[in-house]
Amino acid sequence: MTRLSLLLGLAVLVAATSVRAAELPAEIKQAGTLKLTVNSTYAPMEYRDPATNELVGLDIDLANELAKRLGVKIVWSETPFAELIPSLQTKRADFIISGIQDRSSRRETADFIDYLTTGPQFFVMAESVAKIATDLCGKKVGTTRSTAFPLEIEKWSKQNCEAAGKPAIQYVPGENSIDVRNQLKQGRIDAAVQGSETLPYAQQQEAGRYRVIGEQLSTGYQGIMFRKDDAALREVVTEHLAVMIADGSYKRILDKFGLGANAVEKPMMNAAPQ
């Protein structure tokens, strides 16, 4: 190898390893703020602290830490779960971090940076006679209507109830997870489905009231949702999230809410199989 070719090779290597870090879009940098909206009924991901009415939760802490590292402040707003995606599409929100699951059906106009494992989970009142998941065949099972969980229940029912000659689960819609749990406590449904990341908190807040039954219906990821044409913002947030995972601050936030076991090793783009 000639000295010239060696120098050229070194120059290419230096150029490849000194690519400028991703930067915030100019309009966000100039404003100094991020506009974020959440559905604050999904504890412990995002909720109003009953004692202070302060907006708190795992997603809130993650977003605040990201904003601090990006050098911006967050302007928070709240919206029903069904309005989260429209809020992103109409640019009322810069991105969505609000307990939203990465699904292929949502990727037509958006990309996800996956940051937490999740999965729909059956649960019942502690005194329920149901012992195993198939005891729910033919029973009324509630979940939030605007999530992917109704489809998950239908799919599970076909595979585990109807295929075995048992009656299908009767899906009952709810407005949000609080409404669904209230229906369960009032005896209007026999069981409910929520994301597995929310149940430890519910069981802690109402000790002895609920019992998980069976395994998760499926396994997937919650993701930070970005508009497809907003690659610059997606890249800079992903870069800082990766640093948070590496330096342990991400894990400390998850541990604070009892969800250390739901951690991912690195941010992943559109990684969920559904």
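This is a predicted model: local features need pLDDT of at least 70, side-chain atom pairs count only at pLDDT 80 or more; totals for chains, interfaces and linings use all residues.
Colleague: Why is Ser177 called buried?

Modeller: The term is used for a relative accessible area under 20%, and Ser177, at 4% relative accessibility, therefore counts as buried. Ser177 has its place in helix 6, and, leaving aside its neighbours within four places in sequence, it is in contact with Thr41, Tyr42, Thr144 and Gln194.

Colleague: Which residues of helix 6 are buried, and what puts them on the same side of the helix?

Modeller: In helix 6, which runs over residues 177–185, the buried residues are Ser177, Val180, Arg181, Gln183 and Leu184. Around the axis they cover an arc of only 155°, which puts them on the same side of helix 6.

Colleague: What is found at the start of helix 6, and what follows the helix?

Modeller: At the start, a side-chain oxygen of Asn176 comes to within 3.1 Å of the backbone nitrogen of Ile178, and a pair of N or O atoms has to be within 3.5 Å to be counted as a polar contact. After helix 6 comes Gly187, with a positive phi near 80°.

Colleague: How do you know that Lys35 is partly exposed?

Modeller: Partly exposed covers the values between the buried limit of 20% and the exposed limit of 50%, and Lys35 has a relative accessible area of 36%, so it is described as partly exposed. Lys35 is found in strand 1, residues 33–38, and its side chain reaches the backbone oxygen of Lys91 at 3.1 Å. Although Lys35 and Asp94 are 59 residues apart in sequence, their C-alpha atoms are 5.4 Å apart in space. Leaving aside neighbours within four places in sequence, the residues in contact with Lys35 are Val75, Lys91, Arg92, Ala93, Asp94 and Phe95.

Colleague: Why are helix 8 and helix 9 called roughly perpendicular to each other?

Modeller: Helix 8 (residues 231–247) and helix 9 (residues 249–256) pack at an angle of about 75°, with their axes 4 Å apart. Angles of 65 to 115 degrees count as roughly perpendicular, and the two helices are therefore described in that way. Leu241, Met244, Ile245 and Asp247 of helix 8 make the contact with Ser249, Tyr250, Arg252 and Ile253 of helix 9; by class, this contact has 5 nonpolar, 1 polar and 2 charged residues.

Colleague: What makes the buried residues of helix 9 line one face?

Modeller: The buried residues are Ser249, Tyr250, Ile253 and Leu254. Seen down the axis they fall within an arc of 140°, so they line one face of helix 9. They pack against helix 3 (58–70), strand 6 (110–118) and helix 8, whereas Arg252 and Lys256, on the other side of helix 9, are exposed. Just after helix 9, Gly258 takes a positive phi of about 70°.

Colleague: Why are helix 3 and helix 8 also given as roughly perpendicular to each other?

Modeller: They pack at an angle of about 110°, with their axes 10 Å apart, and since the range for the term is 65 to 115 degrees, helix 3 and helix 8 are therefore roughly perpendicular. The residues of this contact, among them Leu62 and Glu65 of helix 3 and Val236 and His240 of helix 8, divide into 8 nonpolar, 1 polar and 3 charged.

Colleague: Where is a cis peptide bond, and which residues other than glycine have a positive phi?

Modeller: A cis peptide bond, with omega about 5°, joins Ala43 and Pro44, and Pro44 lies in the loop between strand 2 (41–42) and strand 3 (46–48). Phi is positive, near 65°, for Asn53, in the loop between strand 3 and strand 4, and positive, near 50°, for Asn270, in the segment after strand 13.

Conventions:
Residues are numbered from 1 along each chain as its sequence is written. Side-chain values use heavy atoms; hydrogens and water are left out. Buried means under 20% relative accessible area, exposed over 50%, partly exposed in between (1.4 Å probe, protein chains only). The arc is that of the directions from the helix axis to the C-beta atoms. A polar contact is a pair of N or O atoms within 3.5 Å; within protein, one must be able to donate a hydrogen and the other to accept it, and residues adjacent in sequence count only if both atoms are side-chain atoms. Axes are lines fitted to C-alpha atoms, for helices over the stretch in contact, and angles run from 0 to 180 degrees between N-to-C directions. Angles under 35 degrees count as roughly parallel, over 145 as roughly antiparallel, 65 to 115 as roughly perpendicular and the rest as oblique. Contact means heavy atoms within 4.5 Å. Ala, Val, Leu, Ile, Met, Phe, Trp, Tyr, Cys and Pro count as nonpolar, Asp, Glu, Lys and Arg as charged, and the others, Gly among them, as polar.
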